[in-house]
Amino acid sequence: MLEIRELTKSYEQNLAVDQVSFTVEDGTIGILLGPNGAGKSTVIKSIAGLLKYKGEVRIDGFPARSMQAKRIFGYVPELPALFQTLSVEEHLEYIRRAYQIEVTQQEIDDLLRRLELDDKRGKMGSELSKGMMQKVSICCALLIRPRVLLLDEPMVGLDPKAIKELKEIVLELKNQGATILISTHMLEMVEELWDTVYVMEKGKILAVYRRDQVGDQNLDELFFSVTEREEKDNQEEETS
């Protein structure tokens with residue numbers, strides 16, 4: 001389970017995230033949805049411990065900054081950051097040692113093969129394309145067998161086959177009871193994945209939708225019904 005309570009983050013005088021609270025349950029996929037600049041990445045980076053913030057984040061009941069939480073938490077950032085002088089396989093070895101994971105070479109081989117990195121295992125980080133770097137970042141997050149997985153715009157830069165594979169992996173993790181939160185503005189990429197959607201705009205959660213409560217409405221309808229209503233309300237306030 002992923003719990004966010006009263007998360008607030010400012011950059012100098014700019015309030016980027018304003019008292020955001022939501023919960024993603026075990027065995028579900030939450031989608032943090034919003035346009036660029038809505039505050040999604042600030043929320044994600046705060047959860048991942050990359051930013052200082054006010055409020056509380058708990059991962060499977062543990063404070064997000066605790067070692068207990070970090071051991072079961074996987075994170076795929078929007079912009080992958082690899083070690084330029086480590087090979088693909090050495091990145092996985094680095095994660096294995098850092099997290100003290102018991103994993104077989106066969107499991108590593110299967111993971112590389114699944115994301116079509118098998119023939120790239122000797123390539124250095126500096127030699128990889130953006131898409132390949134993204135795949136390595138995904139492999140590193142999956143290697144720890146996360147109970148909570150955070151994905152920030154994970155499908156940007158991936159080829160269609162890799163997108164399909166990543167969707168299958170996400171659904172497998174869900175079926176194993178993991179908690180997944182995906183931040184994106186690409187509605188079509190997550191249409192078949194979501195259980196709960198958190199619509200974000202201007203640093204706030206404007207609406208929360210559960211798939212089992214909205215019938216046949218798709219993400220486009222849900223998203224634009226909220227954001228267009230917000231835009232209309234703002235225009236009325238400005239003219240009043």
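This report covers aromatic contacts and salt bridges in a predicted model.

## Aromatic pairs

The whole structure holds 3 aromatic pairs. One of them joins phenylalanine 22 and tyrosine 198. Their ring centres are 4.6 Å apart. Phenylalanine 22 is buried, at 4% relative accessible area. Tyrosine 198 is buried too, at 3%.

Another pair is formed by phenylalanine 223 and phenylalanine 224. Here the geometry is edge-to-face. The centres lie 5.1 Å apart, with 70 degrees between the planes. Phenylalanine 223 is buried, with a relative accessible area of 8%. Phenylalanine 224 is partly exposed, at 39%.

## A lysine over a ring

Tyrosine 11 has a charged neighbour over its ring face. That neighbour is lysine 9, placed 5.2 Å from the ring centre.

Side chains of opposite charge can pair when their charged atoms come close. The search of the whole structure finds 20 salt bridges. Among them is the bridge between glutamate 165 and arginine 114, at 2.3 Å from N to O. It links helix H6 (residues 160-175), which holds glutamate 165, to helix H4 (residues 105-114), which holds arginine 114. The two residues are 51 residues apart in the chain. Glutamate 165 is buried, at 17% relative accessibility. Arginine 114 is partly exposed, at 29%.

Aspartate 159 and lysine 135 form another salt bridge. Their closest N and O atoms are 3.3 Å apart. Aspartate 159 sits in the loop between strand E7 (148-152) and H6, while lysine 135 sits in helix H5 (residues 130-143). This pair also links distant parts of the chain, 24 residues apart. Lysine 135 is buried, at 3% relative accessibility. Aspartate 159 is partly exposed, at 30%.

## A further bridge and a network

Arginine 58 bridges to glutamate 56. The closest N and O atoms of this pair are 3.1 Å apart. Arginine 58 is partly exposed, at 25% relative accessibility. Glutamate 56 is partly exposed as well, at 36%.

Salt bridges also join into a network. Its members are Glu89, Asp109, Asp118 and Arg121.

Definitions and conventions: Residues are numbered from 1 along each chain as its sequence is written. This is a predicted model: local features need pLDDT of at least 70, side-chain atom pairs count only at pLDDT 80 or more; totals for chains, interfaces and linings use all residues. Side-chain values use heavy atoms; hydrogens and water are left out. Rings of Phe, Tyr and Trp (its six-membered ring) pair if their centres lie within 6.5 Å; planes under 30 degrees apart count as stacked, over 60 as edge-to-face and the rest as tilted. Buried means under 20% relative accessible area, exposed over 50%, partly exposed in between (1.4 Å probe, protein chains only). A charge sits over a ring if NZ of Lys or CZ of Arg is within 6 Å of the ring centre and within 35 degrees of the ring normal. A salt bridge is a side-chain nitrogen of Lys or Arg within 4 Å of a carboxyl oxygen of Asp or Glu. Helices (H or I, at least four residues) and strands (E, at least two) are DSSP runs, numbered from the N terminus.
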